[in-house]
Amino acid sequence: MALERIKKYVQKLDFINLLSTFGSGMDALVFLQSNTVDLIFLDINIGDISGIQLLETSHIKSEVIIITAYDEYALKGFELHVTDYLLKPYSFERFVEAVNRAKHNLAKKEPALEKKFIFVKTEYRLEKLFLPDVLYIEGMRDYRKIHAVNKKIMTLQTFKEFEKEISPATICRVHKSFMVAMDKIDAVEKDGIRIRDIIIPISETYKKAFFQLIHPSAG
């Protein structure tokens, strides 16, 4: 019934093309591994894994609108930077409001591959960071430590925020605690990725996407 309502509302909006629907989180993950989408409507209860687990464990850069009957997940959803949070039952007008928010966000996004720099929140300022200078980004509890060629920056910005701003072809997530600059990789070894004299681990969660970036024909 929830999927049918979404289909019905989407059909009323001529600027949305519905690619597919799923009743299983794992089926959705398989689809997302080989398809790029701008917007995901995501329920909390999707069978084998929860919607929150899907967001936490996968590399999703799409706009995400959570649709659920449970308001207790709202805070967690916004911590994961979802676009909007719709509580059932919701009206068509509220649905359109959420979709327009996603549309606005998509319109603002600059193509990630064209970015040469970003601004990083650190202490009481925004510091300009040139992406070609980055070696890797390390998670340290609540902080992320950016290791650049000539400096290090500590920030409270999350990996999710970096992933939304930076193309994985430039700086790629390879572990829950690490992102690496693709052009700074010296070697991929048995134990991980070597950048200068540092070995950075690769986790199973990110391994497939990483190897498809460095060796597409192998995937």
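User: Which element is the place of phenylalanine 130?
Analyst: This is a predicted model, in which local features need pLDDT of at least 70, side-chain atom pairs count only at pLDDT 80 or more, and totals for chains, interfaces and linings use all residues. Residues are numbered from 1 along each chain as its sequence is written, and side-chain values use heavy atoms, without hydrogens or water. Helices (H or I, at least four residues) and strands (E, at least two) are DSSP runs numbered from the N terminus. Phenylalanine 130 sits in strand 7.

User: How many bridges join strand 6 to strand 7?
Analyst: Strands count as paired if DSSP finds at least two bridges between them. Strand 6 covers residues 117-122, and strand 7 covers residues 125-130. The two run antiparallel, and the number of bridges is 6.

User: Which residue in strand 7 is the bridge partner of isoleucine 118?
Analyst: Isoleucine 118 has its bridge partner in strand 7. That partner is leucine 129.

User: What is the phi of glutamate 123?
Analyst: Strand 6 and strand 7 form a hairpin with 2 residues between them. Glutamate 123 is in the loop between these strands. Most residues other than glycine have a negative phi. Glutamate 123 has a positive phi, near 55 degrees.

User: What is the omega of the peptide bond that joins lysine 88 and proline 89?
Analyst: Proline 89 lies in the loop between strand 5 (84-87) and helix 5. Most peptide bonds are trans. The bond from lysine 88 to proline 89 is cis, with omega at about -10 degrees.

User: How far apart are the closest N and O atoms of lysine 7 and glutamate 4?
Analyst: Lysine 7 and glutamate 4 are 3 residues apart in helix 1, so about one helical turn separates them. They form a salt bridge (a side-chain nitrogen of Lys or Arg within 4 Å of a carboxyl oxygen of Asp or Glu). The closest N and O atoms are apart by 3.5 Å.

User: How much space lies in the largest cavity?
Analyst: On a 1 Å grid over the protein atoms alone, a cavity is a set of points where a 1.4 Å probe fits but cannot get out; a pocket is an open set with protein on both sides within 12 Å along at least five of seven lines. Points are joined across faces, edges and corners, and volume is the space filled by probe spheres set on them. The model has 1 cavity of 30 Å³ or more. The largest cavity holds about 100 Å³.

User: Which element gives the largest share of the lining of the largest cavity?
Analyst: Lining residues have an atom within 4 Å of a point. Those of the largest cavity include Leu55, Ile60, Val82, Lys160, Glu163 and Lys164. The largest share, 3 residues, comes from residues 159-165, helix 6.

User: Which element gives the largest share of the lining of the second largest pocket?
Analyst: The second largest pocket holds about 870 Å³. Its lining has 36 residues, with Leu18, Ser20, Leu39, Ile40 and Phe41 nearest the centre. Among the elements giving two or more residues are helix 1 (2-11), helix 2 (25-34) and helix 5 (92-108). The largest share, 5 residues, comes from strand 1.
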